[in-house]
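Open your viewer and keep the selection tool at hand.

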Amino acid sequence: MKVLILGCGGSGGVPTVGGKDGAGYWGACDPLERKNQRTRSSIIIETLHNKKIMIDTGPDIRTQLLREKISTLDAVVYTHAHADHIAGLDELRSINRCIHKALPIFATKETLTELKSRFTYAFKPWTTAPHFFRPVLEVNLIAYGEPITIGPDCLQTFEQKHGASKTLGVRYKSIAYSTDVTHISENGFKILSGVETWIIGCFQRNTHPAHAALNNVIEWQKIVKPKRIILTHMGPDMDWKWLKLNLPQSIEVAYDGLTL
C-alpha cells in the first residue's frame, strides 16, 4: 500500500496570495526551495487491494490530479467542511466521466449538511447518464469512530477537535491521517495505538488556536510512539529546510507529491 501527499499546505497554501510585489507571501519559507511550494492538503491512500481513496477535495484538486496523472478514484472521505478541504468537489465530475459511474463519498452528518448547502446541485437525483455535467455522488453517512468499508478494505475513523469544531481522523492499517487538529479524544488515541506512520497537520511552530503546533506533535509522539511522523497542512511559518535541520529524525516534513 502507499499514501500520496497531493498537497501539504494550510488553508491559503504557500505562498499565500499577497506579498510586497503581489507574487505571494512566503513568511519564513524560502521561495527558492521547491518543497516550500504547497497546495492545499489532501492525500490518496492506495490500499492493499489497489483501491484509491482520496481524503478531502481542496481547491487545488485539479492541478494535483493532473500532476500525479490520476484519473480514477474509488471513494472520497471528508474530514470536515472547511473550504480548503471541500472547495474542489465540483472537479469530481471529471472522475465520474473516467469511471463511468457515481463516486462514493463518506462524511459525518455535520460535514454532509455543509456539502449539500454549498454544492446543492451535486446532490440532486441523477437521471441523465452517461453525460456527467456535474458530480454524481453515492452518499454514505458516517459517525465519528465508525469504520468505513470500501470493497474489501476497512478504514477506522476517530474524533478530533479543530479549535471549536470537529474533524475526522482516519487510520488504515499502519498509517493514520490527522489534519486540522488541536485535541484528540481518548478513543482516538486508542485507535492510533500501534500506528507506524502518522501524518499530522501542523500549521506553525508556535501555539495556534485551531491547529497543532510543533509542541503538540512532540507531546502526541510520546503517547502514540509511531515510527514516523509526517508533518502536513503547513503554513508560511514552516520552512522546509529549517524543519529538516531542527526536528528529530522521527519527525519528517511532507512536500507536495511525496509518496510514502
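Where is the place of Asp56? Select Asp56: the residue sits in the loop between strand 3 and helix 1. Helices (H or I, at least four residues) and strands (E, at least two) are DSSP runs, numbered from the N terminus.

Before moving on, note that this is a predicted model, where local features need pLDDT of at least 70, side-chain atom pairs count only at pLDDT 80 or more, and totals for chains, interfaces and linings use all residues. Residues are numbered from 1 along each chain as its sequence is written, and side-chain values use heavy atoms, with hydrogens and water left out.

**Positive phi**

Stay on Asp56. Its phi is positive, about 75 degrees, although Asp56 is not a glycine. Asp56 is buried, with a relative accessible area of 0%. Buried means under 20% relative accessible area (1.4 Å probe, protein chains only), exposed over 50%, partly exposed in between.

Now select His233, in the loop between strand 13 (228-232) and helix 7 (240-246). Phi here is near 50 degrees, again positive in a residue other than glycine. His233 is buried, at 1% relative accessible area. Most residues other than glycine have a negative phi, and most peptide bonds are trans.

**A cis bond**

Go to Val14 and Pro15. A cis peptide bond joins them, with omega about 0 degrees. Pro15 lies in the loop between strand 1 and strand 2.

An open sheet of 6 strands runs in the order 1-2-3-4-5-6, with mixed pairing. Two strands pair if DSSP finds at least two bridges between them. Strand 1 (2-7) and strand 6 (137-141) are at the edges, each with a single partner strand, so one side of each has no neighbour in the sheet.

Zoom to strand 3 (residues 52-55) and strand 4 (residues 75-77): they run parallel, joined by 3 bridges. Met54 has Val76 in strand 4 as its bridge partner.

**The cores**

Which residues have the most contacts inside the largest nonpolar core? Select Val77, Leu192, Trp198, Ile199, Val217, Trp220 and Leu231, in a core of 49 residues. A nonpolar core is a set of buried Ala, Val, Leu, Ile, Met, Phe, Trp, Tyr and Cys residues joined through side-chain atoms within 4.5 Å. Helix 6 (residues 214-224) gives the largest share of this core, 4 residues. Apart from it lies another core, of 25 residues, including Leu6, Ile44, Ala81 and Ile99.
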